[in-house]
Amino acid sequence: MKEVSVAILGAGSMGKKHARNLAAMEGVSVVGVSDADSHAAERFAASQEPHPRVFADFGSMYEQAKPDAVFICLPPFAHTTEVEEAAAHGIHVFMEKPIALTSSKALLMAEAVESANVVSQVGYMLRHSGAITRIKGLLESGAAGKPTLYRGFYNCNALHTEWWRDREKSGGQLFEQAIHIYDLGLLFLGEPASVGARMANLCHGDVEGYTVEDTSASVIQFKSGSIATIAATNCAIPGTWHHEFTLVCERLVATVIDGKELHITYTDEDPPRRVSHTFDDDPYLAEARSFIDSVRAGTQTATPIRTGYQGVRLVEAAVQSSSSGRFIEL
């Protein structure tokens with residue numbers, strides 16, 4: 001089995017989660033970590049066995065640790081040229097979402113990775129859950145028939161971190177959280193044609209520095225003719241994160257709750273037959289394994305960095321639609 005060395009850029013919660021999952025894989029080693037907070041990087045390194053080297057910046061980490069791959073786990077505002085430089089060094093790239101705060105920056109990242117022909121993957125972990133894999137298989141086999149309508153929502157109620165509440169730093173709830181639900185719409189329905197959206201801050205107007213939306217709804221028309229509606233709120237049940245979607249196809253209706261429960265009704269049968277499945281898989285571990293497998297095989301992943309660009313482009317257009325009061329053509 002080919003050994004794979006990995007560097008971690010960003011020693012926060014996601015960097016730690018990925019490091020734990022990588023440690024569970026045979027033949028994978030974390031050889032370097034870098035974070036703008038040097039103390040966080042030191043604590044991260046001390047928690048790993050063996051201890052990776054700590055670097056002051058990603059440039060020196062790329063040059064000295066010479067990793068096969070890098071897991072980029074930075075908040076949206078912290079992205080600079082770490083992707084482009086990794087690609088230039090021939091380093092394979094796993095990147096958390098959103099990959100950028102603008103589609104123009106996201107496209108530059110995608111083009112750099114594609115030009116360098118390195119393996120890339122975006123952290124859309126829901127794509128790797130058993131429930132989503134089952135639905136994708138039904139679509140690809142033709143058993144589901146044509147997808148016609150996708151209805152999704154994302155609910156929570158928390159102040160999160162200071163940077164999350166700042167639109168200039170996080171992009172807002174659409175960029176930071178609901179983008180997962182928008183991404184699944186792209187996965188199931190294909191290329192979007194236009195989007196219309198409305199956004200508001202209805203519950204946090206008295207919170208200092210809270211400049212992001214806490215309520216949003218979008219309607220998306222796809223080039224296939226299919227339609228999606230996606231809503232998100234940060235005014236729901238305190239301390240509870242909940243997401244759900246329903247996909248209506250010609251031959252079935254599928255609902256997924258929190259990525260764990262899948263309910264399918266086969267509407268082409270008489271009477272309609274309903275089946276339910278429960279999944280206890282870890283999509284974060286699954287996405288990391290998928291990326292490492294692709295690095296070893298030298299093959300592109302099913303969720304390359306261009307999917308990150310496509311997600312950013314869609315939620316960016318939704319924000320623009322809300323600001324302009326009109327549909328945005330894509």
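I began with handedness: a crossing is left-handed if the near helix is turned anticlockwise from the far one by less than a right angle, and right-handed if clockwise. The model is a predicted one, in which local features need pLDDT of at least 70 and side-chain atom pairs count only at pLDDT 80 or more, while totals for chains, interfaces and linings use all residues. Residues are numbered from 1 along each chain as its sequence is written, and side-chain values use heavy atoms, with hydrogens and water left out.

Entry on the helix pair. I looked up α1 (residues 13-23) and α9 (residues 283-297), whose axes come within 9 Å and cross at roughly 65 degrees (axes are lines fitted to C-alpha atoms, for helices over the stretch in contact, and angles run from 0 to 180 degrees between N-to-C directions; helices are DSSP runs of H or I with at least four residues, strands runs of E with at least two, numbered from the N terminus). The crossing of α1 and α9 is right-handed. I found M14, K17, H18, N21 and L22 of α1 in contact with Y284, L285, E287 and I292 of α9, contact meaning heavy atoms within 4.5 Å.

Entry on the sheet. I traced an open sheet of 9 strands with mixed pairing, in the order β14-β13-β12-β11-β7-β10-β9-β8-β15, where two strands pair if DSSP finds at least two bridges between them. β14 (273-278) and β15 (328-329) stand at the edges with a single partner strand each, so one side of each lacks a neighbour in the sheet. Antiparallel strands β12 (residues 252-257) and β13 (residues 261-266) are joined by 6 bridges, and A254 stands opposite I264 in β13. I then noted that α10 (residues 305-324) packs on the sheet, touching β8 (192-200), β9 (215-222) and β15, with its direction at about 55 degrees to that of β8.
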